[in-house]
Amino acid sequence: MADNEPLIQPDRGQDAISLHLVNRDGFPEWVKKLSTTQRTALEAQKFEGSGYQVGIVPDGDSWFAVGGVANPAELSSWCMAKLAEALPAGTYRRAEGEPGPAVHGWQTAQYVFDRYKQPERPVGPRVLLTKDVGAIDNAIAEAKAVCLVRNLVNTPAEDMGPAALEAQCEELAKAHSAELKVTRGDTLEQEYPMVHAVGRAAARHHAPRIMHLTWGKESDPVLAIVGKGVCFDSGGLDVKSSTGMLLMKKDMGGAAHAIALAGLVMGAGLPVRLHLLVPAVENAISSNSFRPGDVLKSRKGLTVEIGNTDAEGRLILGDALQRASEEKPELILDFATLTGAARVALGPDYPALMTRRDETANALIAAGKAHDDEPWRLPLPDSYREWLNSDIADTNNAHGNAFAGASIAGLFLDRFVGEGLDWAHFDTFAWRPQAKPGRPKGGDAYGLRAAWHMLRDRFGRP
C-alpha cells in the first residue's frame, strides 16, 4: 500500500476509468448492452461474471473494466480487491454506485512487502474514487493499520527483535504525543519477573523489555490493549522442531495487532485513557534459559510451575495483564499468537475469541461480521481450570493432556486479569498461508478490524 499517495480519493468528477461490477446471474442481461466487438473481447477473456474475474473492454479509443462479484448490491471488503491487483496504474470509478466497504480491499490489495526484495515489474498506484468523502480518512487509516501489522510480522526476527518493537512504540508515541515508559534490566526482573525469565537467555541486543504507552485524558474511561511480543520462539529448552520454528518470526503478531489498534484509537481521537502494554522477548536457548520444572514468580504474586517452556507467551502476557488490571480499566483487549490448538480448531482465517462477558463477545462478533473480520468464540470452562493445578506452585503454565489447548491458555491468562474486569482475548494466527484477493501470503491482521469497530461503537465515534 503506497504511503505517498492515497489510494482512495474524493470523486470530484475528474477523469477516471469506469469499473462495472456484475455477477453470473446478471451478466447475460448486462452484456446485451455491449457492442459485438466488446462482447467478443469478453468472450476471448472467458469472462462470465464469476467472483474475482476481471475483464478489459475496449471502448473507442479507451477502455473500461468489469469485475465479477457475488452481489453487486451488497459489496464486501474484498470484492473489488482482485481489480486493484490486476488492473494497470490509473484512476478508477465504479460506474453504478459507490464502492462502499470495498475500499478496504482495494487498498490492501496493493500492499507489497519490499524491504528485502523489490518487485520485478512494479505497478503504480491504482486510485479509486468515491463520493463518500466523510469515510475516506477512516478507510485509509484502517487499511494502513492492517498493512502495519503485515510489515511488522513479515520482518525477520533479526530486524524485528525487542529493540525494534520498542522503536515502533517510540514512533507511535511521538506521532500522537503519548507517553512511553520502557522497563528493562534489573527493574524488569523485579517488576515483571515472568517477562524477564522468558527473555533472559537472548543476546544482549535482543534483551527483554516491556513497553507501556499511555495517552488520553485521565478522566476518560480506561482502555487497556496488550500484545504478545515474542519476537522469535525457539520453544526454549522444550525446543521446537525445524518445521515448527520456521514461522516463529510471526510470534510477535499479537504485539503488531496491539500497536496497530492503539494507533487507530489515538489517530481517531477516541475518548479513552489508553494503556498499551507490549512485553517483548526472544524465547532463546542458552545456559541461563528458564527450565521445565522451574517455578517463576509473577507480578501478581502467583507462582507458576513451568510445565513447558514453549508455553512462554502466556507467561509474559500474565505480567502485562496484571499491570493493565492495576489501572482498573473498563475493558482489556489482548492479542496473541498463542496456541496451535486454536488453528487446528478454526484454521487461519478465524481468530479465536475468549471473553468473560457475553455482551462483549457479541459486540466483537457483530463488528467482525459487519467488516469481514469475524472472530469465533471459544469457551473458558470453569471445569477445566483444575488441569492447570500444580503440586508445588499456584498454577502450571501447561496442562498434561491434549484437550482444549486454546481454552486452557485462556484460563491461564484469566488468572492474571483483575477480578470483575471486562476482558477479551484474541488468539490470532497473524499469518496467511495462501494468498486471497486483497490478502497476500504472509503476515496479516485477524481480529483487528473487529476490535476497532467494536471500540468505536462502544466508546463513541469521534
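The protein chain contains 15 helices and 20 strands. Its radius of gyration is 24 Å, close to the 23 Å that the globule rule gives for 462 residues, so the chain is as compact as a globular protein of that length. The model is predicted. The C-alpha trace spans about 80 × 50 × 45 Å along its principal axes. Of the 462 residues in the chain, 55% are buried.

Three strands build an open sheet in the order β12-β13-β17. The pairing in this sheet is mixed. Which strands lie at the edges? They are β12 and β17, and each pairs on one side only. Strand β17 covers residues 395-396. Strand β13 covers residues 303-305. β13 and β17 run in the parallel sense and pair over two bridges. Look for glutamate 305 here: this residue stands opposite asparagine 396 in β17.

**A nonpolar patch on the surface**

Now turn to the outside of the model. Leu237, Val239 and Ile285 form a nonpolar patch on the surface. Together they have about 250 Å² of accessible area. Where is isoleucine 285 placed? It sits in the loop between β11 (273-283) and β12 (295-297). Is isoleucine 285 buried, exposed or partly exposed? It is partly exposed, with a relative accessible area of 45%.

**The cysteines**

A disulfide is a covalent bond between the sulfur atoms of two cysteines. How many disulfides does the structure hold? The number is zero. Cysteine 79 is in no disulfide, and the nearest cysteine sulfur, that of cysteine 147, is 18 Å away. To count as a disulfide, two cysteine sulfur atoms must be within 2.5 Å.

Cysteine 79 is buried. Cysteine 169 is buried too.

| Residue | Relative accessible area | State |
|---|---|---|
| Cysteine 79 | 11% | buried |
| Cysteine 169 | 1% | buried |

Buried means under 20% relative accessible area. Cysteine 79 has 11%, so it counts as buried. Cysteine 169 has 1%, so it counts as buried as well.

Note on methods. Residues are numbered from 1 along each chain as its sequence is written. This is a predicted model: local features need pLDDT of at least 70, side-chain atom pairs count only at pLDDT 80 or more; totals for chains, interfaces and linings use all residues. Side-chain values use heavy atoms; hydrogens and water are left out. Buried means under 20% relative accessible area, exposed over 50%, partly exposed in between (1.4 Å probe, protein chains only). Patches are made of residues with over 30% relative accessible area and no salt bridge: like charges are joined within 9 Å, nonpolar side chains (Val, Leu, Ile, Met, Phe, Trp, Tyr) within 5 Å. Accessible areas come from the Shrake-Rupley method with a 1.4 Å probe; for residues, only the protein chains shown count as cover. A salt bridge is a side-chain nitrogen of Lys or Arg within 4 Å of a carboxyl oxygen of Asp or Glu. Helices (H or I, at least four residues) and strands (E, at least two) are DSSP runs, numbered from the N terminus. Two strands pair if DSSP finds at least two bridges between them. The radius of gyration is taken over C-alpha atoms; the globule rule is 2.2 Å times the number of residues to the power 0.38.
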